[in-house]
Amino acid sequence: MTSTNHSDFRVAILQLTVVAHKPTNVAIAVKRIQKAKINGCTLVILPECFNSPYDTALFRQYSEAIPGGETCKALSQAAKSNKVYIVGGSIPEICDEKIYNTCTVWDPDGNMIAKHRKVHLFDVNIPGSTCFKESSTISPGNSLNTFQLGKFKIGLGICYDIRFSEMAALYRKQSLLFS
């Protein structure tokens with residue numbers, strides 16, 4: 001499975017119910033990764049903030065260092081024991097006292113092969129209704145990040161990043177230049 005010569009792969013895109021207990025969230029993700037492997041998947045994709053409630057007031061509390069934190073250790077082990085690639089959705093990352101919404105990617109040997117920090121933060125203020133500002137807690141990333149799965153080069157983005165077609169266009173251009 002660690003060979004990069006395969007030309008196709010089967011993907012599991014997981015949705016998870018998140019609770020206010022990180023170890024429970026991580027354990028549920030690991031079980032779902034195992035189930036995806038049993039169903040023949042070679043690439044498993046977890047959702048944004050799968051290890052914590054999606055609440056800016058809680059991001060610092062749930063944050064951890066990458067790759068040394070408990071969630072990363074669990075994803076590394078899950079990738080290795082199931083011999084799958086894992087796109088680790090995202091988790092709150094702490095680095096130099098800043099919080100990032102960060103995606104990690106793990107190969108079937110349990111190695112982290114990519115890391116992407118969410119570039120486009122979601123801020124909304126609808127008077128009398130909703131106010132949510134990721135930028136009040138999270139720092140933006142500043143790079144495009146890809147990983148190779150066989151002959152495929154895969155670009156990473158987190159949630160709101162997908163609203164910016166320029167990012168996808170840049171990934172496409174990279175793919176044409178480096179394929």
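The buried residues of helix 3 are Thr71, Cys72, Leu75, Ser76, Ala78, Ala79 and Asn82. Down the axis of helix 3, these buried residues fall within an arc of 165 degrees, so they line one face of the helix. The arc here is that of the directions from the helix axis to the C-beta atoms. "Buried" means under 20% relative accessible area, "exposed" means over 50%, and "partly exposed" is in between (1.4 Å probe, protein chains only). Helices (H or I, at least four residues) and strands (E, at least two) are DSSP runs, numbered from the N terminus.

Before going on, a word about what you're looking at. This is a predicted model, where local features need pLDDT of at least 70, side-chain atom pairs count only at pLDDT 80 or more, and totals for chains, interfaces and linings use all residues. Residues are numbered from 1 along each chain as its sequence is written, and side-chain values use heavy atoms, with hydrogens and water left out.

How far can you trust it? pLDDT is the predictor's confidence in each residue, from 0 to 100. The chain averages a pLDDT of 91, and 93% of the residues score at least 70. Over residues 1–5, though, the pLDDT is below 50, and this stretch has 9 contacts in the model beyond near neighbours in sequence. Contact means heavy atoms within 4.5 Å. Where pLDDT is low, the predicted coordinates should not be read in detail.

**Back to helix 3**

Helix 3 has 13 residues, and from its first C-alpha to its last it reaches 18 Å, close to the 18 Å expected at 1.5 Å a residue. That expected span is 1.5 Å times one less than the number of residues. What do the buried residues of helix 3 pack against? They pack against helix 1, strand 3, strand 4 (91–95) and strand 5 (98–106). Just after helix 3 comes Lys83, with a positive phi of about 55 degrees.

Helix 1 covers residues 22–38, and its 17 residues should span 24 Å; the end C-alpha atoms are 25 Å apart, which agrees. In helix 1, the buried residues are Lys22, Asn25, Val26, Ala29, Val30, Ile33 and Ala36. They cover an arc of only 135 degrees around the axis, which puts them on the same side of helix 1. Turned away from that buried side is a face with the exposed residues Lys31, Lys35 and Ile38. The cover over the buried residues includes strand 1 (11–13), strand 2 (43–45), helix 2 (59–62), helix 3 (70–82) and strand 3 (85–87). After helix 1 you'll find Gly40, whose phi is positive, near 90 degrees.

Is Lys22 buried or exposed? At 10% relative accessibility, Lys22 counts as buried. Beyond its neighbours within four places in sequence, Lys22 is in contact with residues including Tyr62, Glu64 and Glu70.

**The nonpolar core**

A nonpolar core is a set of buried Ala, Val, Leu, Ile, Met, Phe, Trp, Tyr and Cys residues joined through side-chain atoms within 4.5 Å. In soluble globular proteins, nonpolar side chains tend to be buried together. The largest nonpolar core has 21 residues, of which Leu14, Ile33, Leu46, Phe50, Leu75 and Ile86 touch the most other members. Helix 1 and helix 3 are the elements that give two or more residues to this core, and helix 1 has the largest share, 5 residues. Leaving aside neighbours within four places in sequence, Ile33 is in contact with Leu14, Val44, Leu46, Leu75, Ala78, Asn82, Val84 and Ile86. There's also a second, separate core of 12 residues, which includes Leu43, Phe147, Leu156 and Tyr171.

**Salt bridges**

A salt bridge is a side-chain nitrogen of Lys or Arg within 4 Å of a carboxyl oxygen of Asp or Glu. How many are there in the whole structure? A search finds 8 salt bridges. Here are some of them:

| Pair | N to O distance |
|---|---|
| Arg60 and Glu97 | 3.8 Å |
| Lys115 and Glu93 | 3.0 Å |
| Glu134 and Lys118 | 2.8 Å |

Arg60 is partly exposed, at 42% relative accessible area, and Glu97 is exposed, at 60%. Lys115 is partly exposed, at 28%, whereas Glu93 is buried, at 1%. Glu134 and Lys118 are both buried. Finally, Lys22 from helix 1 turns up again here: Lys22, Glu64 and Glu70 are linked in a network of salt bridges.
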